[in-house]
Amino acid sequence: MTIRTRFAPSPTGLLHVGNARAALFNFLFARHHGGEFLLRIEDTDKERSTQKAVDVIFDGLAWMGIEADAEPVFQSARQDRHTEVALELLAKGQAYKCFCTPEELTAMREKAMTEKRPPRYDGTWRDRDPSEAPEGAPYVVRLKAPREGETVIKDLVQGEVRVANAEMDDLILLRSDGTPTYLHAVVVDDHDMEITHVMRGDDHLTNTFRQAMIYRAMGWDLPHFAHLPLIHGPDGAKLSKRHGAQSVVDFREEGYLPEALCNYLLRLGWGHGDAEVLSREEQIKLFDLDGVGRSPSRMDYVKLAHLNGIWMRQADDTRLTNDVMERLQGREGVGTDDKTRARILAMMPGLKERAKTLVELADNAAFAGFTLPLTFTPKAEKLLGEDGRRVLEGVGKELAALKDFTPEAIDATLRAYAEKHEIKLGSVAQPLRAAMTGSTTSPGIDLTLSALGQDEVLARIAAVLASGSVDA
């Protein structure tokens, strides 16, 4: 048997982090077992489905490195097949036409609630002859669900779960306008796509019991089900905007690498010993459902940022530079020409050691493209008082005399100046850093000066000395 999994999102909004994790788990499970991972867009809700949301799904999955093994299936294109199966169930006596009016259904629900019963359909037309209905009356097609016994699902994560059939009503397969319902279409599509394992959030567990009845009515084998615990916010409540990023787009915009997000989502509900930082190859090798827990997971944004920092330090410098340049586009007072790119690339080994997100990395690198005069933070201003300017004037002359403006030559020059004037190296580096960046942070000062280049370094020193003041 070839294992086949699928990710089947509805294009009605953003690619939520919970859905993204489900996609990742399905992808890794298929790859681990040498199977196939498929993508289906469940776009039968025409009023809410949008092309923009479809594009967000494709873009998000591509960013995460999750690639399907076949062209995506659009559920709306399979409506005729869904209808065919519903009519087959009708012909077999496994389904029936229900002619209840909206008013009758409302009265049915209200009566049940008054009697403190669940507001389920009561089977009014289950055993009636359709000829009793008014001629031309609209109808829906309902599944004739079993009323005795229970439905049992042997879930690969939750274990054996069961529900009494008496607790479920006869679900609608076809609406009065002839369109198939979501619950019915999913079963037909999963069967026809030969899906062997359905992995999705445990909020779908109730749907699974209802869908199992359709499988059995058609005489089809059920796939294996694995219902994944949901992701909650840090406080244990349902994940929402107040907790922070919750969609793949949010995380990308906030500066997280896809490797870091995937690594974090994998470990959010799945474990393999003490393994924390795992490459995609290692994830595929190790992932299986026996490592998935049953309890809901809590987002820990601090831990995610820490993990992102680890992945950033391992990332290619050119790739990080390209991302930073994109984030700096349009920033006031920051040039984004080739000269700025070259400076940032040269400083990237030091820049990425201090940042935990790409946004933070871009903020820290922006000084490479600053135009004169610079503005200064309050802390930088203090470093550029009388003593600081005196150091800048003296060390500036030494730096101007350098013929080889390399980090090694710069370091030697700064150390020699500090020793000659009997001051600490920090007393030289700190005012230089403030003059170069407008702040008190940068990569090593030797690397920073070398990356900016001799002419730019001297120009920034001169700008501070000429101002006579460093008020912003």
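His 191 lies in helix 5. Helices (H or I, at least four residues) and strands (E, at least two) are DSSP runs, numbered from the N terminus. The structure is a predicted model, in which local features need pLDDT of at least 70, side-chain atom pairs count only at pLDDT 80 or more, and totals for chains, interfaces and linings use all residues. Residues are numbered from 1 along each chain as its sequence is written, and side-chain values use heavy atoms, with hydrogens and water left out.

His 191 is partly exposed, with a relative accessible area of 29%. Here buried means under 20% relative accessible area, exposed over 50%, and partly exposed in between (1.4 Å probe, protein chains only). His 191 and Arg 298 are 107 residues apart along the chain. Their C-alpha atoms are separated by 34 Å. Another pair, Ile 231 and Ser 295, is 64 residues apart in sequence and 9.4 Å apart in space, C-alpha to C-alpha. Ile 231 is placed in strand 11. Its relative accessibility is 8%, so Ile 231 counts as buried.

Several annotations come from UniProt. Its positions are given in the numbering used here, feature names are shortened, and annotations may be inferred rather than shown by experiment. An unreviewed entry gives "domain: Glutamyl/glutaminyl-tRNA synthetase class Ib catalytic" for residues 3–304. The end C-alpha atoms of residues 3–304 lie 31 Å apart. This span is 36% helix and 16% strand. For residues 9–19, UniProt lists "short sequence motif: 'HIGH' region" (unreviewed entry). The end C-alpha atoms of residues 9–19 are 7 Å apart, and the span is 27% helix and 0% strand. The annotation "binding site" (unreviewed entry) in UniProt covers Lys 241. Lys 241 is found in the loop between strand 11 and helix 7 (248–253). With a relative accessible area of 73%, Lys 241 is exposed.

Rolling a probe the size of a water molecule over the atoms shows where empty space is left. On a 1 Å grid over the protein atoms alone, a cavity is a set of points where a 1.4 Å probe fits but cannot get out, while a pocket is an open set with protein on both sides within 12 Å along at least five of seven lines; lining residues have an atom within 4 Å of a point. The largest pocket has a volume of about 830 Å³. It is lined by 32 residues. Nearest its centre lie His 16, Gly 18, Asn 19, Asp 203 and His 204. The elements giving two or more residues to this lining are strand 1 (4–7), helix 1 (17–32), helix 5 (182–192), strand 9 (197–201) and strand 11 (231–232). Helix 1 supplies the largest share of the lining, five residues. By class, the lining of the largest pocket has 15 nonpolar, ten polar and seven charged residues. Ala, Val, Leu, Ile, Met, Phe, Trp, Tyr, Cys and Pro count as nonpolar, Asp, Glu, Lys and Arg as charged, and the others, Gly among them, as polar.

Side chains of opposite charge can pair when their charged atoms come close. The structure holds 29 salt bridges, each a side-chain nitrogen of Lys or Arg within 4 Å of a carboxyl oxygen of Asp or Glu. Arg 4 forms a salt bridge with Glu 36, the closest N and O atoms being 2.9 Å apart. Arg 4 lies in strand 1 and Glu 36 in strand 2 (residues 36–41), so the pair ties together parts that are 32 residues apart in sequence. Glu 36 is partly exposed, with a relative accessible area of 27%.

Arg 81 forms a salt bridge with Asp 192, with 2.7 Å between the closest N and O atoms. Arg 81 lies in helix 3 (residues 79–91) and Asp 192 in helix 5, so this pair ties together parts that are 111 residues apart in sequence. Both residues are partly exposed, Arg 81 at 22% and Asp 192 at 29% relative accessibility. Arg 117 forms a salt bridge with Glu 115, the closest N and O atoms lying 2.8 Å apart. Salt bridges that share partners join Arg 6, Arg 40, Glu 42, Arg 78, Arg 81, Glu 84, Asp 189, Asp 190 and Asp 192 into one network.

The structure holds zero disulfides, a disulfide being a pair of cysteine sulfur atoms within 2.5 Å. The sulfur of Cys 100 is 3.8 Å from the closest cysteine sulfur, in Cys 98, too far for a bond. Cys 100 counts as buried, at 14% relative accessibility. Cys 262 is also buried, at 1%.

Definitions and conventions:
Grid points are joined across faces, edges and corners, and a volume is the space filled by probe spheres set on the points.
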